[in-house]
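Q: I'm new to protein models and would like to learn how to read one. Could you take me through it, feature by feature?

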Amino acid sequence: MSMWSPRIDTNARVKYIGIVDAIEADIKNRLLKPGDRLPAQRLIADALSVDLTTVTRAINEAARRGLVETQRGNGCFIAQTTFSHYNSSQLIEGKPLDLSMNNPPIPSGLNLEKKISEAISELSQSGISASHHLCYQETAGHPDDREAGQQWLSSKLTGLNSDQLLISSGAHSALFCL
């Protein structure tokens, strides 16, 4: 893992944008790859002879653009999703797969806000209160789901009733509930 050499893109109209543009250019040129750690903000400020707030603004702008991810206490890293911006699997070559977050790429050409609005509209017309879908579900699972589970398991476990079942969204959820 290489350490980024701080620089300011000379074409930028302001210094903090120049820092962001330099980071972005280095990602495009494969000098920085997802997971690479950037130097501490104070070190960047010292290397570029700029104020710390300039570097902080640059890192915030880079995060807004999806170029970096900051982890409080651990530093700033090139975002794992940067390869989707530039459509290159080479950007992640040799990097460990980070499964700590589920961040699927946003499909291009999809008006997500419109799709969400349409889906909410359809739900409200279904006769079921839209707020029902926004509430927490019962911890042990909906009674209808537990009843279906009881029927499915009845051939394997005799004397089982739905009150003895727990519906969960995965092993960790089940263990937490138990």
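This is a predicted model: local features need pLDDT of at least 70, side-chain atom pairs count only at pLDDT 80 or more; totals for chains, interfaces and linings use all residues.

Q: How many helices and strands does the protein chain have?
A: Helices and strands here are DSSP runs, numbered from the N terminus: H or I for helices, with at least four residues, and E for strands, with at least two. The protein chain has 8 helices and 2 strands. Reading from the N terminus, their order is α-α-α-β-β-α-α-α-α-α.

Q: How do the two strands go together, then?
A: Two strands pair if DSSP finds at least two bridges between them. Here, strand 1 (residues 68-71) and strand 2 (residues 75-78) run antiparallel and are joined by 4 bridges. Thr 70, for instance, sits opposite Cys 76 in strand 2. The hairpin has 3 residues between the strands, and Gly 73 takes a positive phi there, near 85°.

Q: What do "buried" and "exposed" mean?
A: Buried is under 20% relative accessible area, exposed is over 50%, and partly exposed is in between (1.4 Å probe, protein chains only). In this protein chain of 178 residues, 27% count as buried.

Q: Is helix 1 mostly covered or mostly open?
A: Mostly covered: 10 of the 14 residues of helix 1 are buried. Among them are Tyr 16, Ile 17, Val 20 and Glu 24.

Q: What span should helix 1 have?
A: The expected span of a helix is 1.5 Å times one less than its number of residues. For helix 1 (residues 15-28), with 14 residues, that gives 20 Å, and the end C-alpha atoms are 20 Å apart, which agrees. After helix 1 comes Arg 30, which has a positive phi near 65°.

Q: What does Ile 17 touch?
A: A contact means heavy atoms within 4.5 Å. Ile 17 belongs to helix 1 and is buried, with a relative accessible area of 8%. Setting aside neighbours within four places in sequence, Ile 17 is in contact with Ala 12, Glu 61 and Arg 65.

Q: And where does Glu 61 lie?
A: Glu 61 lies in helix 3 (residues 52-64). Glu 61 counts as buried because its relative accessibility is 13%. Not counting residues up to four places away in sequence, Glu 61 touches Tyr 16, Ile 17 and Val 20.

Q: What is a salt bridge, and how many are there?
A: Look for a side-chain nitrogen of Lys or Arg within 4 Å of a carboxyl oxygen of Asp or Glu. The whole structure has 7 salt bridges. One of them joins Glu 24 and Arg 65, at 3.0 Å from N to O. That pair links distant parts of the chain, with Glu 24 in helix 1 and Arg 65 in the loop between helix 3 and strand 1, 41 residues apart.

Q: Which residue does Glu 61 meet in a salt bridge?
A: Its partner is Arg 64, at 2.7 Å from N to O. An α-helix has 3.6 residues a turn, so residues three or four places apart point the same way. Glu 61 and Arg 64 are 3 residues apart in helix 3, so about one helical turn separates them. Arg 64 is exposed, with a relative accessible area of 62%. Salt bridges also link Asp 21, Glu 24, Glu 61, Arg 64 and Arg 65 in a network.

Q: Which residues form the nonpolar patch on the surface?
A: Patches are made of residues with over 30% relative accessible area and no salt bridge, with like charges joined within 9 Å and nonpolar side chains (Val, Leu, Ile, Met, Phe, Trp, Tyr) within 5 Å. Accessible areas come from the Shrake-Rupley method with a 1.4 Å probe, and for residues only the protein chains shown count as cover. Leu 110, Leu 112, Ile 116 and Ile 120 form the patch, with about 340 Å² of accessible area together. Ile 120 is in helix 5 (residues 112-125) and counts as partly exposed, at 48% relative accessibility.

Note on methods: Residues are numbered from 1 along each chain as its sequence is written. Side-chain values use heavy atoms; hydrogens and water are left out.
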